[in-house]
Structures are given as structure tokens and as C-alpha cells.
Amino acid sequence: EQEEWEDTAFNFQTYLNRFANSQVVTNYSYLLSQYRKNAPHTNHQAVKMLDTIARKCNMLPMLYQLTCFKVFDVILSDHTLDKDKNF
């Protein structure tokens, strides 16, 4: 028996919008809270995903969560990162 396939259009924006929810943002915030233990690439990808949610999904208010603000404050206040080229 032969399978039949039908082509359908893939809407990438719809796919991205599925990531724009508070649980995803909370999980990425938790991941970033471990920034000292993470590989630089992991931190970069986490920030990149949050940026994608904010800009490409047009959901910047999604980042207005206390967990995000706390993590961002800790990272931005960590002056030991000033000389670390990985950050």
C-alpha cells in the first residue's frame, strides 16, 4: 500500500508563537539563573530565545515577570562578568 502525502504550507510565525507563553519564559529564566554553571553557548541561546519571544512574536510584555527581572538584575549586577569575554 502506498502512502499519500499532501503538501501544506508551514507558517513559521505560528510555530514561534507557540513558545510565547509564561511557562516557557519561566523555564528560560530559571535556566539563565544558573548562568555561572551554564556553558556560554547555553546562556546565549536562552537569551536569544527570550529575544525571539519579545521581538519576533511581538510579546515583550511576556518578559515582564518578576522572575525575569530578578535574573536580569543579578546578571547585570555581577561585576565579575565585566572582564569575562564569554559574557
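Q: How far apart are the end C-alpha atoms of helix H2, and what should its twelve residues span?
A: In this predicted model, the end C-alpha atoms of H2 (residues 22-33) are 16 Å apart, which agrees with the 16 Å that twelve residues should span at 1.5 Å a residue. The expected span is 1.5 Å times one less than the number of residues, and helices are DSSP runs of H or I with at least four residues, numbered from the N terminus.

Q: Which residues of H2 are buried?
A: Val-24, Val-25, Ser-29 and Leu-32 are buried, where buried means under 20% relative accessible area, exposed over 50% and partly exposed in between, with a 1.4 Å probe and protein chains only. They cover an arc of only 135° around the axis, which puts them on the same side of H2; the arc is that of the directions from the helix axis to the C-beta atoms.

Q: And what do the buried residues of H2 pack against?
A: The buried residues of H2 pack against helix H3 (40-55) and helix H4 (66-77), with contact meaning heavy atoms within 4.5 Å.

Q: Which residue caps the N-terminal end of H2?
A: Asn-21 does, with a side-chain oxygen 3.0 Å from the backbone nitrogen of Gln-23.

Q: Before I go on, what conventions apply to residue numbers and confidence?
A: Residues are numbered from 1 along each chain as its sequence is written, and side-chain values use heavy atoms, with hydrogens and water left out. Local features need pLDDT of at least 70 and side-chain atom pairs count only at pLDDT 80 or more, while totals for chains, interfaces and linings use all residues.

Q: Switching to rings, how many aromatic pairs are there?
A: A search of the whole structure finds five, where rings of Phe, Tyr and Trp (its six-membered ring) pair if their centres lie within 6.5 Å, and planes under 30 degrees apart count as stacked, over 60 as edge-to-face and the rest as tilted. One of them is the tilted pair of Phe-10 and Tyr-15, at 5.9 Å centre to centre and 50° between the planes.

Q: Why is the pair of Phe-12 and Tyr-15 tilted?
A: Their planes are at 35°, with the ring centres 5.9 Å apart, so the pair is tilted. Phe-12 and Tyr-15 both lie in helix H1 (residues 12-17), three residues apart, about one turn of the helix.

Q: Which residues do ring pairs link into a cluster?
A: Phe-10, Phe-12, Tyr-15 and Phe-19 are linked into a cluster.

Q: Is Phe-10 buried or exposed?
A: Phe-10 counts as exposed at 61% relative accessibility, whereas Phe-12 at 48% counts as partly exposed.

Notes: Helix = DSSP H or I, 4+ residues; strand = E, 2+ residues; numbered from the N terminus. Polar contact = N/O pair within 3.5 Å; in protein donor to acceptor, adjacent residues only side chain to side chain.
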